[in-house]
Amino acid sequence: MVRMKHKWPQEGDLIVATVHKVLNYGAFAKLEEYPGEEAFIHISEVSAGWVKNIRDHVRENQKIVARVLRVNPKKGHVDVSMKRIREDQRTRKIQQWKIEQKAEKLLEFAAKSIDKDLDAAYDEVGYAMMEEFGDLYGAFEISAEEGADSLIERGMDEIWANAITKVAQKNISPPEVQITGYVDLTSYAPDGVNIIRNALTSINKDNIAVQCVGAPRYRLLVKSSDYITAETLLKAAADEAIATVLEAGGTGEFHRELE
């Protein structure tokens, strides 16, 4: 169960919960991110339309996403609404929660590797990771890509940083983005076909693929770990191919495909 640093959610927060009791006037659900706490959904907050039978909209053991309306820590009450969120918000929250579940499991693996448990992991580095990086998974992503120093520089103990990085690099694939552009290449020279072929062959590298759309247009596919690098590689490849053709008396033009 993913744990939040604070014991209670804040008004307006989106929460993930599991329904455990459905009554005629509302439902009670266990808060997944706040161990030991539960929320109440009044029947009027279950659906935007008129609810004749609450069990048509919510059932026991159902995972739900809801928006926090009121929090009363003294009484232990959290009132939430299932109807006051959009579908895209619901989907995004579930995805985020699943990613954080994975991150918590990775944190547990890292803890075991240095003979500690998950409780110690949260107390010693977990909550600090969430504070520094926004969530647990963000810290694992950065350490997988940049190494333990990226955590140590932010104040993390070296032993923990090395343990987390080792687990991250074993379990998290580097992020990858792909972008597309086109070059129109024309040559009127007697060996124009070879000129264009050589221009394209020179830029056909590990992270750049060249495809013929139909002369004179050629597609350039670029893969990289981030968009800025990908854009730079794409523009450089296109410029190189065009320069080769222009030098031989031909023409060339670059077109960026909008995502």
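## Close-up views of a predicted model

**View 1. R256 and E231 pair up through a salt bridge, their closest N and O atoms sitting 2.7 Å apart.** The two partners come from distant parts of the chain, 25 residues apart: R256 belongs to strand β9 (residues 251-256), and E231 to helix α7 (residues 227-247). Helices and strands here are DSSP runs numbered from the N terminus, with helices being H or I over at least four residues and strands being E over at least two. R256 is partly exposed because its relative accessibility is 26%, and E231 is partly exposed too, at 32%. For these labels, buried means under 20% relative accessible area, exposed means over 50%, and partly exposed is in between (1.4 Å probe, protein chains only). A salt bridge is counted when a side-chain nitrogen of Lys or Arg comes within 4 Å of a carboxyl oxygen of Asp or Glu. Searching the whole structure turns up 14 salt bridges.

A note on the model: this is a prediction, with local features needing pLDDT of at least 70 and side-chain atom pairs counting only at pLDDT 80 or more, while totals for chains, interfaces and linings use all residues. Residues are numbered from 1 along each chain as its sequence is written, and side-chain values use heavy atoms, leaving out hydrogens and water.

**View 2. R217 reaches D184 in a salt bridge between two strands.** The closest N and O atoms of R217 and D184 are 2.8 Å apart. This pair also links distant parts of the chain, with R217 in strand β8 (residues 217-224) and D184 in strand β6 (residues 177-186), 33 residues apart. Look at how the two ends are covered: D184 counts as buried because its relative accessible area is 17%, whereas R217 is partly exposed at 30%.

View 3. Within it, R86 bridges to D88 with the closest N and O atoms 3.0 Å apart. R86 is partly exposed at 48% relative accessibility, and D88 is partly exposed at 36%.

**View 4. The largest pocket has a volume of about 310 Å³.** Some bookkeeping for this view: on a 1 Å grid over the protein atoms alone, a pocket is an open set of points where a 1.4 Å probe fits, with protein on both sides within 12 Å along at least five of seven lines, and lining residues have an atom within 4 Å of a point. Grid points are joined across faces, edges and corners, and the volume is the space filled by probe spheres set on the points. The lining has 19 residues, with M4, K5, M130, G134 and D135 lying nearest the pocket's centre. Two elements give two or more residues to the lining, α1 (87-113) and α2 (118-133); α1 gives the most, with 4 residues. Sorted by class, the lining has 8 nonpolar, 4 polar and 7 charged residues. Here Ala, Val, Leu, Ile, Met, Phe, Trp, Tyr, Cys and Pro count as nonpolar, Asp, Glu, Lys and Arg as charged, and the others, Gly among them, as polar. Domain 1 (13-82) and domain 2 (89-171) each supply at least three residues to the lining.

View 5. Setting aside neighbours within four places in sequence, T165 is in contact (heavy atoms within 4.5 Å) with S143, G147, A148 and L151.

View 6. Most residues other than glycine have a negative phi, and most peptide bonds are trans. N61 is not a glycine, yet has a positive phi of about 70°; N61 sits in the loop between β3 (38-42) and β4 (63-72) and is exposed at 67% relative accessible area. D115, also not a glycine, has a positive phi of about 60°. D115 is in the loop between α1 and α2, and is exposed at 74% relative accessibility. The peptide bond from A215 to P216 is cis, with omega near 10°, and P216 falls in the loop between β7 (208-214) and β8.

**View 7. The protein is divided into domain 1 (13-82), domain 2 (89-171) and domain 3 (177-255).** These bounds come from an automatic or database domain assignment. The C-alpha centres of domain 2 and domain 3 are 41 Å apart.
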